[in-house]
Amino acid sequence: EESTDCPDGDEVEFRELMDWIVLDVMNPKREEEGDAVASYNIRVDKVRDIVDGLVDTHTSIAGTNAEVRADKEALEFLMSQLDPKEVALLTKVLIEGRENKAKPKPKAAAAAPRQRVVGRPPAHNFSYGGISTRAQGMGGSYQQTDPISFWDDLASLAEMRERTFGGKGQLVPINTVVEAIKGYAQQSEWARDASGRFTVRPIQGATLPCSLRGYNLVATAETGSGKTMCFAVVAVCAVVPAVAKTQVLIMAHNRTLLDQLCEEMDKLCTSTGNQVRWAFADSKDRGGGRVDPTAHILLATAMQMRNAVRDIDLAYIRLIVADEVDDIFSQNDTDKVIQELIDQTTRRAGRRPQVMFFSATIGDDENDPEDRRLRMQLENCLGPAHIICKAERKDVAGMTHVFIACNSPQDKANVLPWLLTDPMLVGSAIVFCQRKKGTATSVESLIERDNDARRRLNKQEIQGEVGVDLLS
C-alpha cells in the first residue's frame, strides 16, 4: 500500500520526499491502475534520474530533508529541472512548511516508523487484461512456452537461450543478467511478491520465453506496461561480449523515444558491469556522429539506422527490434527500409536475423484499411511464421475526448508539445489520423466509431469537436 502521509520530517531521506512529491502530482487519488499509474511510473523514473545525477556535485541530495533544505544551491538547481507543479509542492512542503511552523514540539519518545512510498503498482494490475499468445503460420515447429512470473525465472531459460544465440560460455552468464536486472529493479522499486522476489509484468512474462527461444514476434501492450524491458533484456542476452561487433539493432520512431530507450539500455548495461556496450546513431547536429562499429547494441531512429548500418558489419547481426512499430511504419517507406535491412543482414550473415516488433497500438479491425495495411507490413518483415502476443484490452468506449484537425505538418508539430504538457495525457495513446481519399479513416469516422461503441454499451453519445483551435 502507498502512504498518503507526506514524508517531510527532517530526518527522512530526501529521495523519499521526492517520490511522494511526484506521486501527489501525478496520482493524487492514489489510483491502483490506469493512466495515472502509468504517468507516475514514467515521471518518477525520470525524477529519480535527475536526483541521482546531482549526487556527485551536491552530496546533500543523497541525505535527509534537513540537509537538502540547508543546501540552497543544490535545491535551486534541482528545482530548475522539475516541472512547475513539482516545484510548487516541494516549496510548500520543504521550505514554507518549515517556515510557517511554530516553535518545535518536543520529539516524540517512540514514533512509529513511517511507511515508505512504494513507487510502482503491483504487477498484473493494468487497465489491459491478460496476455494472449498465438503462433501464426508455424505449424508443428512451434513449441509451447509457459510464461514466467519472476525475474529469477530467467535462469530456467538458460539452455534455451544458448541454443538460440550461442554456445555455453560465449554469452553473458544468465546469472549475471538476472543480478543486473535485480539491481536495476532495486533502484527503480519494481513490484515484489510477499517473499520479496521481483515480479515480471504480464507482457514481459509472455514474451521473454518466446524471444529467448528465437521466435520472431509482435507484441502489443499499453504504455507503461514494461515493453522496453522485454527487448532490452533479450538484447543483452543475445550478445557475445568477446566479439567487438554490433550484434543487435534497436529502432525507435523519433528522437524522444530513442533518448528514453538509450537511458534504459545504459542502466541495464551498466548493471552488467559493462560487459555489454551500447551506442546510438544520429546526425552530427543532434549529438551523433560516426557510428562505433564495436558497440554490441546500436540504437537509432529507423531512418538514421539506414545510414548507420553502412559503418557496421551486418554479418554479426542476430537481432533486430523496432519499438512503436506502427508509428515507424506510418513514416514514408520506413517499412521498406526495415525490410531491406533484414534482407541485407540475411545475405551477409547467411541466416535470417530474429525480428521483434513492439507497440502500444496495433489495430486489428478487419474493416479498417489502415489496420489491414499495417498487418501486411508487419508480416512482410516478420515472415509468415511468428508469434503474436497481445494484451486483452478492456472496452474503452468514451475514452476519446478531443479531436484535433491539423491542416499541415507544422500544425501537428505545434499541437504535440501542447498535449505533452498535460500530465493527464502523459502515457496516453495520441493518434494522428491522416485524411486520405478512398479510405474510411478520418477524424469524423473516429468520432462515429466512438459513439457506436457508446450506443452498444447504452451510454450517451458525445459530439466530438473537429477543428479545435489550440494554435492561437
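Predicted model: local features only at pLDDT ≥ 70, side-chain atom pairs only at ≥ 80, totals over all residues.
Me: Which residue meets Asp 83 in a salt bridge, and where do the two partners lie?

Reply: The partner of Asp 83 is Arg 43, with an N to O distance of 3.6 Å. Asp 83 sits in the loop between helix H4 (72-81) and helix H5 (84-99), while Arg 43 belongs to helix H2 (residues 35-54), so that distant parts of the chain, 40 residues apart, are linked by the pair.

Me: Is each of these two partners buried or partly exposed?

Reply: The line between the two classes is a relative accessible area of 20%, with buried residues falling under it. Arg 43 has 14% and is therefore buried, whereas Asp 83, at 35% relative accessibility, is partly exposed.

Me: Which residue forms a salt bridge with Lys 46, and which parts of the chain does the pair tie together?

Reply: Lys 46 pairs with Glu 263, and their closest N and O atoms are 3.3 Å apart. Because Lys 46 lies in helix H2 and Glu 263 in helix H10 (residues 255-271), the pair ties together parts that are 217 residues apart in sequence. Lys 46 counts as partly exposed at 37% relative accessibility, and Glu 263 also counts as partly exposed, at 30%.

Me: What can be said of the salt bridge between Asp 152 and Lys 182, and which residues belong to the network that contains them?

Reply: The side chains of Asp 152 and Lys 182 meet at 3.3 Å, N to O. Asp 152 is in the loop between strand E1 (128-136) and helix H6 (158-165), and Lys 182 is in helix H7 (residues 174-188), so parts that lie 30 residues apart in sequence are tied together. Asp 152 is partly exposed with a relative accessible area of 28%, and Lys 182 is partly exposed at 25%. Through shared partners, salt bridges join Asp 152, Asp 153, Glu 179, Lys 182 and Arg 197 into one network.

Me: Turning to the strands, how many residues of E3 are buried, and which strands pair with E3?

Reply: Strand E3 (residues 248-252) is mostly covered, with 5 of its 5 residues buried. One side carries Val 248, Ile 250 and Ala 252 and the other Leu 249 and Met 251, and both faces are covered. E3 pairs in the parallel sense with strand E5 (residues 297-301) over 5 bridges, where Val 248 stands opposite Ile 297. Strand E6 (residues 319-323) runs parallel to E3 and is joined to it by 4 bridges, with Met 251 opposite Ala 322.

Me: How do H7 and H9 pack, and which residues meet there?

Reply: H7 and helix H9 (residues 227-238) pack at an angle of about 145°, their axes being 10 Å apart, and the crossing is right-handed. From H7, Ile 174, Val 177, Ile 181 and Tyr 184 meet Met 229, Val 233, Val 236 and Cys 237 of H9. By class, this contact has 8 nonpolar, no polar and no charged residues.

Me: Finally, what phi values do Asn 274 and Glu 324 have, and where are these residues found?

Reply: Neither residue is a glycine, yet phi is positive at about 60° for Asn 274 and at about 50° for Glu 324. Asn 274 is found in the loop between H10 and strand E4 (278-280) and, at 48% relative accessibility, counts as partly exposed. Glu 324 lies in the loop between E6 and helix H12 (325-329), and at 13% relative accessibility Glu 324 counts as buried.

Notes
Residues numbered from 1 in each chain as written. Heavy atoms only, no water. Salt bridge = Lys/Arg side-chain N within 4 Å of Asp/Glu carboxyl O. Helix = DSSP H or I, 4+ residues; strand = E, 2+ residues; numbered from the N terminus. Buried < 20%, exposed > 50% of the residue type's maximum accessible area, 1.4 Å probe, protein only. Pairing = 2+ DSSP bridges. Axes fitted to C-alpha atoms, helices over the stretch in contact; angles between N-to-C directions. Left-handed = near helix turned anticlockwise from the far one by under 90°. Contact = heavy atoms within 4.5 Å. Nonpolar A, V, L, I, M, F, W, Y, C, P; charged D, E, K, R; others polar.
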